[in-house]
Protein chains: 2
Amino acid sequence: MHTDLVAALDIGGTKIAGALVAGDGGLLARAQRPTPARAEGGAVMAAVGEVLDELAASPEWPRAGAVGIGSAGPVDAKAGTVSPVNIPGWRDYPLVSGVREHVGGLPVTLVGDGVAMTAAEHWQGAARGRAGALCMVVSTGVGGGLVLGGRLHPGPTGNAGHIGHISVDLDGDPCPCGGRGCVERIASGPNIARRALEAGWRPAADGDTSAAAVAAAARDGDPVAAASFGRAARALAAGIAATATLVEIEIAVIGGGVANAGDVLFAPLREALDEFATLSFVRGLEVAPAQMGTDAGLVGAAAACWEQLGAGA
Amino acid sequence: MHTDLVAALDIGGTKIAGALVAGDGGLLARAQRPTPARAEGGAVMAAVGEVLDELAASPEWPRAGAVGIGSAGPVDAKAGTVSPVNIPGWRDYPLVSGVREHVGGLPVTLVGDGVAMTAAEHWQGAARGRAGALCMVVSTGVGGGLVLGGRLHPGPTGNAGHIGHISVDLDGDPCPCGGRGCVERIASGPNIARRALEAGWRPAADGDTSAAAVAAAARDGDPVAAASFGRAARALAAGIAATATLVEIEIAVIGGGVANAGDVLFAPLREALDEFATLSFVRGLEVAPAQMGTDAGLVGAAAACWEQLGAGA
């Protein structure tokens, strides 16, 4: 099928965003609702329906030929269901069939949010033109997605690239996922802040104990704050190097709030990559900040939809 | 191109093996030379030439339409060169052009030995019919390869699946590769034996301190020997779980001498996988012993050749 307009949904624990995405990546209409994350599943689905209805009111809607969904994971693209960790009312929830019915039977594709972000960076961002890439979001959690052989690699269930939950420390701290020493357990924003506080870092007068505040302290020369970012950087480097060693990638693209720390994160990250990415075919791996900003989820959900339906924009 | 017979080479630090591989996987002719691993590059290439000459003397040789090489790595399939760690005379050695000239210009494909073994297991072994698989050799080293989307994934340089050199212990022991806490540094046969000896295990009267001897002791109830295998199993499980979490696979296939330990390895491995493979889409990952035996490298080099040339058997 061919469609030059896709209705995109970006579903997270905080908000449900929607847009009509044109073939050039422009957003022709937008809609958004807060996610009723503690409500039962039907109420969350009703919010999705409201977003779709608002998009359907756009004069452009009749041109939309498909719906692309990027959702907090895990998702199951095979079954068309989602079980987002932070939306407990949705467990194996039949999101794809629910959306398809709501939009009169249009084709619907589903990928995880890390895969959607990757599709956006590959289409128009820092991974453009790359045959192999890992794109990551380092924020409250750590997510990601892969480009292999010049194409998005969502994996059979739409979850591939889940770098936040690979273990880089097999004796490390237990992770809420059930594992141990996961990249997210070491490198997420809350864990950077927690580790700094445990090691004696104290916030400024404003009381801000976010990772951004730790980054500001590190930039001002606080060694404890810098060490917490250094530890996160090592975990990210080990995970990125593992990915490159396993599947061969040219570039790792890093977005999300923690990446806003800039050199406080990227300098020790590049240094640690030299230590962990040792084999000839992974040496010299590029690392770059993400470029797509807050619309990456929507643009990427549309890009993944086009790629999966085999239709050019 | 289409060829129903491939001349396959399996190049390692100990021997250079060759065979004519038929479209059903049967070996119609064989040749072998010891690898002059400490000689200069030309002498190693001369041994490869002797293997090819012996194959060319077979009455079947005229039907061979291509050469497939699986080589100890790292390889560089893009450049057609190899730099096997254990053949120091070959550094960026132009193996592909050398072989091509020797065989009168037939097409030549090159992959790493872990990729070749994976091609064999996917074609006729334990990964047959699987859309996603990690195949590993756990022996003096730890190598591997990947099947993704139902196809071999050699990666652009032919090295993908190098699971032995991903770090699962970012604070761990330095690895000869330059990294730290690599799967191979923990799970290879020599490291299993070293760790058992360091922890107080003593060999039987025959003085055998191999990993096989440690496995025998573990089977007889020696807790120190069992603990060393348990540690190796945890490292393998963390690496396998990381791979599944990154690219989605259905099965991990394990061959090589250490896998001959059977339940001494596989029982703690399956237990540790339950700990590390936690997300919904990786839970229940299968683990199985390899099936292809000592000819896997030759059969796989041919299979990879067919797959890369886009020719059916």
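Which backbone oxygen does the side chain of A:N191 reach? In this predicted model, the side chain of A:N191 comes to 3.1 Å from the backbone oxygen of A:E184. A:N191 belongs to helix α5 of chain A, which covers residues 189-198. A second polar contact involves A:R194: the two side chains, of A:N191 and A:R194, are joined at 3.0 Å. Beyond the neighbours within four places in sequence, A:N191 touches A:E184, A:R185, A:I186 and A:S228. The relative accessibility of A:N191 is 12%. A:N191 therefore counts as buried, because the cut-off for that class is under 20%.

Chain A also contains an open sheet of five strands. The strand order is β10-β9-β8-β11-β12, and the pairing is mixed. Strands β10 (151-152) and β12 (286-289) form the edges, each pairing on one side only. Strands of a sheet pair through backbone hydrogen bonds, in either parallel or antiparallel fashion. Strand β8 (residues 133-138) and strand β11 (residues 251-255) of chain A run parallel and are joined by five bridges. Within this pair, A:A133 lies opposite A:I251 of β11(A).

Two helices of chain A contact these strands. Helix α3 (residues 113-124) packs on the sheet and touches β8, β9 (142-148), β10 and β11. The direction of helix α3 makes about 50° with that of β9(A). Helix α7 (residues 223-247) lies across β8, β9 and β11. Helix α7 runs at about 155° to β8(A).

How values were computed. Residues numbered from 1 in each chain as written. Chains lettered and ligands numbered in written order. Predicted model: local features only at pLDDT ≥ 70, side-chain atom pairs only at ≥ 80, totals over all residues. Heavy atoms only, no water. Helix = DSSP H or I, 4+ residues; strand = E, 2+ residues; numbered from the N terminus. Buried < 20%, exposed > 50% of the residue type's maximum accessible area, 1.4 Å probe, protein only. Polar contact = N/O pair within 3.5 Å; in protein donor to acceptor, adjacent residues only side chain to side chain. Contact = heavy atoms within 4.5 Å. Pairing = 2+ DSSP bridges. Axes fitted to C-alpha atoms, helices over the stretch in contact; angles between N-to-C directions.
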